[in-house]
Amino acid sequence: MRSYIKIKGRNLWKLCMLAVLGISLTCCYVLVEKIDQPTTAVAGQTITINLRDSVNTQISTNQSPYPQPSNFVLAFLAPKGWDVADNNNMTVSYTSSLGNGNMQLMPASAIEPNSKLTWAKAATAKFGIGKNLVNDVEWVVFQSSQQYALTNGINITGNIIIKLKVGADGNNTYYFPEYVTCDSFDGYSDDTYWNNGKIYSQDNGPCLLQTGTNGDLHDYCNPQLTSFNPPKSLDNEFITLTYNNKLTPTVLSNTTNVYLCVDSAYLSDGSAITNYCVQAEKSNLVQTTPTSGLFNLTIWPRSYFGLTASQTLTKLVYHITDQTGTKRVGYGGVSGSSSPAFVYKFGCK
Amino acid sequence: MKKISRLERFNLLLVFAVALITWSSCKTDKIRSLSEPVKDISGTWKIVKATRNGTDITTVVDTNIYNFSKFRLSFSGNGYTVTNPLPFIVSANGTYSVDNPQYPFLITFTATGTTTPVSTAFTYPIVNGVRVLTLVFSPGCPQNAYSYSFVKVN
């Protein structure tokens, strides 16, 4: 079939460039220039976090719609136990060269434009759990109440002010806050036009230590010798114990055959189940890959300890041992018969 | 007055006859509406996939100690039974119901000895020609979601 479309080479090149620029120049480059965030807090305290932002717009005037309708967006990574979204423990406001205002929770049904997922799910898919080592954190997304009509070539400067009440779950927590800022039109969009390949800003704050409760310390900043997944659970679930045999030198460093030794499994009536410090198939941790040094064991506690319908577990007190049971590692990597035990408490908060 | 010839009379009768046959051959066809069949989940089901908080744990958990492959969920009448139990939405046998037999979105289990029914959304698609029943539930903490996908045991 004969084509009647005739484009000379030079014109084709121009056409392609226009198409590329049309695609590339439809974004707002967001940059967080400074994070003012405390590194310590006490449970119940409301801390203030300040993000100094700048936004540069590069928007094609041929784009539709133009000007580009946009809300400022902040995605914040917080411990699940702090109930940031549900209990109104966090408020966000902003000052900017375009105007001042408040941010509100992103509607649960709102869709992030690139992933077609909800904004929180999109943040989880793209940014995971940030620098944290334990998956007990969640993304909570806010957007400005005010929508702005952004035009090409403007520079917006501003501050996002976060008021955050910490420690709602009654535990002590050590975790990495993380902040993602963008505009609602572009979302978490990667774009090779920009030097860093993205037009949103993703930033870590320093590790934040929240104390002031009688609860346990949940440390998500530092690697742990042992950890459980899920980090919070009840006895009627599968829980996976991970032992990190490469974290620090211990008496088990040269061993690839390690076992869970439960000294005591405590019940809700205060009594304890013992005789579960055994080296058997059911207590054998399996290395994830031949040289990883990470050993896993998944158990169903109700079955593992043979509980009756009326019994409920409250905590496990345990060591990690070799096959003979004579080499024992406890909290802090300390070995010996009197080494302090690891403790895992059952609970959802 | 012109007399009608025999041929003309014959033609007239022929036209009438054809018209009568044509008219009598017309009838109104009643279109029967197709009703959605009732979703029958009766039978015995086995787990083919299990996830915990979105992570596949099928092979992680399926060991000599805990067996996804041996777990069975059977529906019969309005009752269900669980064989080789694992963490599940219910811990004992009992009765079940669905919210709509034709378009079920919710299944409710009531374990024997309890008065509190537990409901969960379920999906019932056909995957590669096989009906797959998927239940999502939290046997422990509400923030920990488990998903078991079942196929019928032949």
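What follows is a conversation about a predicted model with chains A and B.

Biologist: Why is Lys116(A) called exposed?

Modeller: Lys116(A) has 10 other C-beta atoms within 10 Å. The cut-off for exposed is 12 or fewer. Lys116(A) is therefore exposed.

Biologist: Where does Lys116(A) lie, and what is its phi?

Modeller: Lys116(A) is in the loop between β7 (101-105) and α2 of chain A. Its phi is near 65°, a positive value in a residue other than glycine.

Biologist: Why is Asn53(B) called partly exposed?

Modeller: Asn53(B) has 13 other C-beta atoms within 10 Å. Exposed needs 12 or fewer, and buried needs 20 or more. The count of 13 falls in between, so Asn53(B) is partly exposed. Asn53(B) sits in the loop between β1 (43-52) and β2 (55-56) of chain B. Its phi is also positive, near 50°.

Biologist: What puts the buried residues of α2(A) on the same side?

Modeller: In helix α2 (residues 119-127) of chain A, the buried residues are Trp119(A), Ala122(A), Ala123(A) and Lys126(A). They cover an arc of only 100° around the axis, so they are on the same side of α2(A).

Biologist: What do the buried residues of α2(A) pack against?

Modeller: They pack against β5 (72-79), β8 (137-144) and β12 (178-183) of chain A. After α2(A) comes Gly128(A), with a positive phi near 60°.

Biologist: Why is β12(A) described as largely enclosed by the rest of the structure?

Modeller: Six of the six residues of β12(A) are buried, so the strand is largely enclosed. Each of those residues therefore meets the cut-off of 20 or more other C-beta atoms within 10 Å.

Biologist: How do you know that both faces of β12(A) are covered?

Modeller: In a regular strand, side chains alternate between the two faces of the sheet. On one side of β12(A), Glu178(A), Val180(A) and Cys182(A) are buried. On the other, Tyr179(A), Thr181(A) and Asp183(A) are buried.

Biologist: What makes β12(A) a partner of β5(A) and of β13(A)?

Modeller: Two strands pair if there are at least two bridges between them. Six bridges join β5(A) to β12(A), and the two run antiparallel. Four bridges join β12(A) to strand β13 (residues 201-204) of chain A, again antiparallel. Both counts meet the cut-off, so β12(A) pairs with each. Cys182(A) is the bridge partner of Val73(A), and Glu178(A) stands opposite Asn204(A).

Biologist: Why are β2 and β15 of chain A called edge strands?

Modeller: The open sheet has four strands, in the order β2-β14-β11-β15 (chain A), with mixed pairing. β2 (40-42) and β15 (217-219) each pair on one side only. The twist averages 10° from one strand to the next.

Biologist: Which peptide bonds are cis, and what is their omega?

Modeller: One is the bond from Tyr66(A) to Pro67(A), with omega near -5°. Another is the bond from Asn229(A) to Pro230(A), with omega near 0°. Pro67(A) is in the loop between β3 (46-59) and β4 (68-70) of chain A. Pro230(A) is in the loop between β16 (226-229) and β17 (239-244) of chain A.

Conventions:
Residues are numbered from 1 along each chain as its sequence is written. Chains are lettered from A and ligands numbered from 1 in the order in which they are written. This is a predicted model: local features need pLDDT of at least 70, side-chain atom pairs count only at pLDDT 80 or more; totals for chains, interfaces and linings use all residues. The arc is that of the directions from the helix axis to the C-beta atoms. Two residues are in contact if their C-beta atoms, placed from the backbone, lie within 7 Å. Axes are lines fitted to C-alpha atoms, for helices over the stretch in contact, and angles run from 0 to 180 degrees between N-to-C directions.
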